[in-house]
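Subject: Structure handover

Hello,

Here is the structure I promised to pass on. Please open it first, then read my notes below.

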Amino acid sequence: MAQKINVLIVSADALTVSVIPVDEQKNCARCEAGQGCGSMPWFRGLFRNRHALKLPQTTPPMAEGDSATLSIATDTLNKLSFFTYAIPLLSFITTLWLSQAISEGLQLMGALLAMVITFFISHRYSSSILHKKLYLSVDQASSPKIYPFGYSKRNNL
């Protein structure tokens, strides 16, 4: 199963496509009422500060104004969440356990430092995987064909 959101191509050139999410809150009665439904929260971090997400152009190329669907497999999303949050927490706990012989203040500072370092490393790793695992499909009346980012004629899908 995949998590999907509708996006609009706001600009496109030979190398990149910039997408923004279609405002689905207007289509959701709970969100419209201010109660929130919690659906599709995974993509909110991709579009911080209302900036378009810039991605590699697909083959065949997409044009400005096209509607598309941005999706990611649920298992990939779960793995990325694990790398982003669980690994830094585990490094914190492991550092506390391994440094029991030193003073409590140094132990805590070392554990916090280990957690911050692993958070940045795992966040960079997760971000690089995320851009490889996002898929953009063109909205068409017929069955849409899915093109992964970076697809070229050399990659036979």
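I start with the strands. E2 pairs with strand E3 (residues 53-56) in the antiparallel sense, over four bridges. Val17 stands opposite Leu55 in E3. Please keep in mind that this is a predicted model.

E2 has another partner. Strand E1 (residues 2-12) and strand E2 (residues 16-21) run antiparallel, and five bridges join them. Together E1 and E2 form a hairpin, with three residues between them.

Now the overall layout. The protein chain has three helices and six strands. From the N terminus on, the order is β-β-α-β-β-α-α-β-β. The chain holds 157 residues, and buried ones make up 29% of them. The protein chain exposes about 10,600 Å². Carbon and sulfur atoms supply 60% of that area.

Next, the surface. Which residues form a nonpolar patch there? They are Tyr85, Val116, Phe119 and Phe120. Together they have about 420 Å² of accessible area. Helix H3 (residues 104-133) gives the most to this patch, with three residues. Tyr85 lies in helix H2 (residues 74-98). Is Tyr85 buried or exposed? Its relative accessible area is 58%, so Tyr85 is exposed. Phe119, also in the patch, has 32% relative accessibility and therefore counts as partly exposed.

Ser126 lies in helix H3. Its relative accessibility is 5%, so Ser126 counts as buried. The cut-off for buried is under 20%. What is Ser126 in contact with, leaving aside its neighbours within four places in sequence? The residues are Leu80, Phe83 and Thr84.

A pair of aromatic rings is described by the distance of the centres and the angle of the planes. How many aromatic pairs does the structure hold? There are three. One of them is Phe82 with Phe83: the ring centres are 6.0 Å apart and the planes are at 65 degrees, so this pair is edge-to-face. The pair of Phe119 and Phe120 is edge-to-face as well, because its planes are at 70 degrees, with the centres 5.7 Å apart. Planes over 60 degrees apart count as edge-to-face.

Where do Phe82 and Phe83 stand on accessibility? Phe82 has 42% relative accessibility, so Phe82 counts as partly exposed. Phe83 is at 28%, so Phe83 counts as partly exposed too. Ring pairs also link Phe82, Phe83 and Tyr125 into a cluster.

For a quick tour, begin at the E1 and E2 hairpin. Move on to E3, which pairs with E2. Finish at the surface patch of Tyr85, Val116, Phe119 and Phe120.

Best wishes

Definitions and conventions. Residues numbered from 1 in each chain as written. Predicted model: local features only at pLDDT ≥ 70, side-chain atom pairs only at ≥ 80, totals over all residues. Heavy atoms only, no water. Patch = residues over 30% accessible without salt bridge, like charges linked within 9 Å, V, L, I, M, F, W, Y side chains within 5 Å. Areas by Shrake-Rupley, 256 points an atom, 1.4 Å probe, with all protein chains shown as cover. Salt bridge = Lys/Arg side-chain N within 4 Å of Asp/Glu carboxyl O. Helix = DSSP H or I, 4+ residues; strand = E, 2+ residues; numbered from the N terminus. Buried < 20%, exposed > 50% of the residue type's maximum accessible area, 1.4 Å probe, protein only. Contact = heavy atoms within 4.5 Å. Phe/Tyr/Trp six-rings, centres within 6.5 Å; stacked < 30°, edge-to-face > 60°. Pairing = 2+ DSSP bridges.
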